[in-house]
Amino acid sequence: MSFAPRTNPVQRAPGLRPEPGTPLYVHVPFCVAKCTYCDFYSVAAEGQDLPGALDALLLEAERRAPPRPRTVFLGGGTPSFYSVDELARLLDGLDRWSHFRASAEEVTCECNPESLDFPKARALRELGVDRLSIGFQSLEQGILALFGRVHDAEQSFAAFHAAREAGFQRVSIDLIYGVPGQELARWEVDLERVLALRPDHVSAYQLTYEDGTPLAAQLQAGAFQRLDEDQELAFFEATRGRLADAGYEQYEVSNFSLNGQQCSHNVNYWSNGPYLGIGPSAVSKLASTRFGNARSITPWRAALAAGRFPAAWEETPEPSVRLGETWWLGLRTRRGVEPAEVLRTAGFEGSDPTLRLQESLLELGFLEQSAGRMRLTARGWPVADAVARRFLEACAEQTSPRLPRE
Ligand code: SF4
């Protein structure tokens with residue numbers, strides 16, 4: 001989950017301590033090269049002080065890591081860019097300060113195909129990682145080139161096989177679809193090739209154009225045209241249909257699991273649960289306060305070296321905003337939302353500002369209610385973002401919201 005950097009002064013965050021078991025996120029901010037669509041904080045690794053950043057990550061872990069986290073997620077950036085020795089130093093250090101090896105039910109490492117071979121996969125397994133998430137993104141060379149990816153499809157398949165050979169039973173594959181010029185028939189063939197691997201989990205995202213990325217700039221400059229809404233919908237439906245046929249459960253708009261192998265770390269985000277992030281740009285949420293580190297290596301390291309708390313911003317949303325966020329996150333999942341529970345956990349008192357919206361969306365067939373939970377219908381899934389955002393708006397403005405376009 002990423003949040004835009006804020007400027008709110010840090011006041012409460014330094015006094016907050018994570019409960020034992022709080023999920024831990026570790027942000028490794030290096031990649032071989034920057035992908036054109038990516039708005040996560042990361043930098044091209046060449047010329048960077050990788051060991052120095054590793055020292056800083058371990059220093060931050062020593063000061064802030066939660067005891068015995070339930071889940072650990074190494075993300076970025078490209079954690080697999082680190083060498084085997086550096087990964088050993090990172091994971092041994094994280095274990096020293098959190099004892100995650102004795103506690104975590106899931107330890108994920110994000111990997112890119114160009115930096116995952118059998119020795120590294122085996123090392124990660126021996127170091128306590130039990131789940132890999134590999135960024136295939138596409139099998140089409142033209143799309144990989146448009147994205148600025150530095151691997152090809154063969155390397156993606158080789159990385160997957162290396163993970164399996166190293167004993168990983170939980171391997172996820174990341175894909176992006178709905179790319180300008182992409183043909184649906186070709187995407188369906190590529191999806192078939194990926195599913196033939198039987199990954200335990202697939203994250204399949206519709207391409208988005210994030211402000212400030214080179215891809216968004218190219219779009220604005222007219223270098224290409226994005227697919228129209230009908231085309232994007234066709235990609236979405238084809239993707240979820242094929243994954244469902246192959247036995248994958250769509251447990252979140254863009255996430256599909258085989259045999260219940262959901263990503264527990266992300267499920268906690270979507271439940272609006274607490275988490276502790278370390279590394280530049282990493283966000284934490286403890287109690288009702290969300291706070292984030294500087295989105296740059298230099299000030300993040302400087303704060304740690306000076307013994308200062310490394311957060312650069314914090315916010316403690318009002319109960320009404322928390323209510324909207326919990327709806328927004330939960331409605332994008334198959335589990336859905338239990339309205340009374342959401343009110344309680346948001347600490348919201350007074351009449352529920354989402355009631356009218358719930359009723360309208362039920363009437364229009366975008367939502368259904370069963371066993372006390374509200375969730376998207378088949379009609380609602382393709383417009384999940386629009387539906388979920390209406391709850392954010394309804395809670396923020398506490399006014400009667402507009403309904404999503406079908
Ligand atoms: S490898 Fe991942 S984190 Fe790095 S630039 Fe590409 S998409 Fe972003």
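## Helix 1

Strand 1 (24–28), helix 2, strand 11 (276–278) and helix 11 (297–305) are among the elements that cover the buried residues of helix 1. The model described here is predicted. The buried residues of helix 1 are Ala53, Ala56, Leu57, Leu58, Glu60, Ala61 and Arg64.

Helix 1 is made of 15 residues. From its first C-alpha to its last, helix 1 reaches 21 Å, which is close to the 21 Å expected at 1.5 Å a residue.

## Helix 7

Helix 7 covers residues 184–195, 12 residues in total.

Which residues of helix 7 are buried? They are Trp187, Leu191 and Val194. These residues cover an arc of only 55 degrees around the axis, and therefore lie on the same side of helix 7. The buried residues of helix 7 pack against strand 6 (131–137), strand 7 (171–177) and helix 9. On the other side of helix 7, the exposed residues are Ala185, Arg186, Val189, Glu192 and Arg193.

The domain assignment of the protein gives two parts: domain 1 (18–270) and domain 2 (319–397). Taken over C-alpha atoms, the centres of domain 1 and domain 2 are separated by 28 Å. Domain 1 gives 9 residues to the contact, and domain 2 gives 7 residues.

On the side of domain 1 that touches domain 2, helix 9 (229–245) and strand 9 (248–252) each supply at least two residues. Strand 9 gives the largest share of that side, with 4 residues. Sorted by class, the side of domain 1 that touches domain 2 holds 5 nonpolar, 1 polar and 3 charged residues.

## Around the ligand

Which residues are found around the ligand? They are Cys31, Lys34, Cys35, Cys38, Phe40, Ser42, Gly76, Gly77, Thr78, Asn112 and Gly135. By class, this shell has 4 nonpolar, 6 polar and 1 charged residues.

Two residues of the shell, Gly76 and Gly77, also take part in a backbone feature. A cis peptide bond joins glycine 76 and glycine 77, with omega at about 20 degrees. Glycine 77 is in the loop between strand 4 (71–76) and helix 2 (84–98).

## Backbone angles

Most residues other than glycine have a negative phi, and most peptide bonds are trans. Arginine 68 is not a glycine, yet it has a positive phi of about 50 degrees. The place of this arginine 68 is the loop between helix 1 (50–64) and strand 4. Arginine 68 counts as partly exposed because 17 other C-beta atoms lie within 10 Å.

Glutamine 137 is not a glycine either, and its phi is positive, at about 70 degrees. Glutamine 137 belongs to strand 6. Is glutamine 137 buried or exposed? Glutamine 137 has 25 C-beta neighbours inside 10 Å, so it counts as buried.

## Isoleucine 134

Isoleucine 134 is in strand 6. Why is isoleucine 134 buried? It has 25 other C-beta atoms within 10 Å, and a residue counts as buried if 20 or more lie within that distance.

Neighbours within four places in sequence are left aside in what follows. Isoleucine 134 is then in contact with Cys111, Pro113, Leu116, Ser156, Ala159, Phe160, Ala163, Val171, Ile173 and Asp174. Isoleucine 134 and valine 202 are 68 residues apart along the chain, and their C-alpha atoms are separated by 9.6 Å.

Threonine 208 is found in the loop between strand 8 (201–206) and helix 8 (214–220). Threonine 208 has 14 other C-beta atoms within 10 Å, so it is partly exposed. Threonine 208 and tyrosine 177 are 31 residues apart in sequence, and 9.6 Å apart in space from C-alpha to C-alpha.

Alanine 158 is in helix 6 (residues 153–165). Alanine 158 counts as partly exposed because it has 16 C-beta neighbours inside 10 Å. Along the chain, alanine 158 and tyrosine 275 are 117 residues apart, and 33 Å separates their C-alpha atoms.

Methods
Residues numbered from 1 in each chain as written. Predicted model: local features only at pLDDT ≥ 70, side-chain atom pairs only at ≥ 80, totals over all residues. Domains from an automatic or database assignment. Contact = placed C-beta atoms within 7 Å. Nonpolar A, V, L, I, M, F, W, Y, C, P; charged D, E, K, R; others polar. Expected span 1.5 Å × (residues − 1). Buried ≥ 20, exposed ≤ 12 C-beta atoms within 10 Å, placed from the backbone. Arc of directions from axis to C-beta. Near = placed C-beta within 6 Å.
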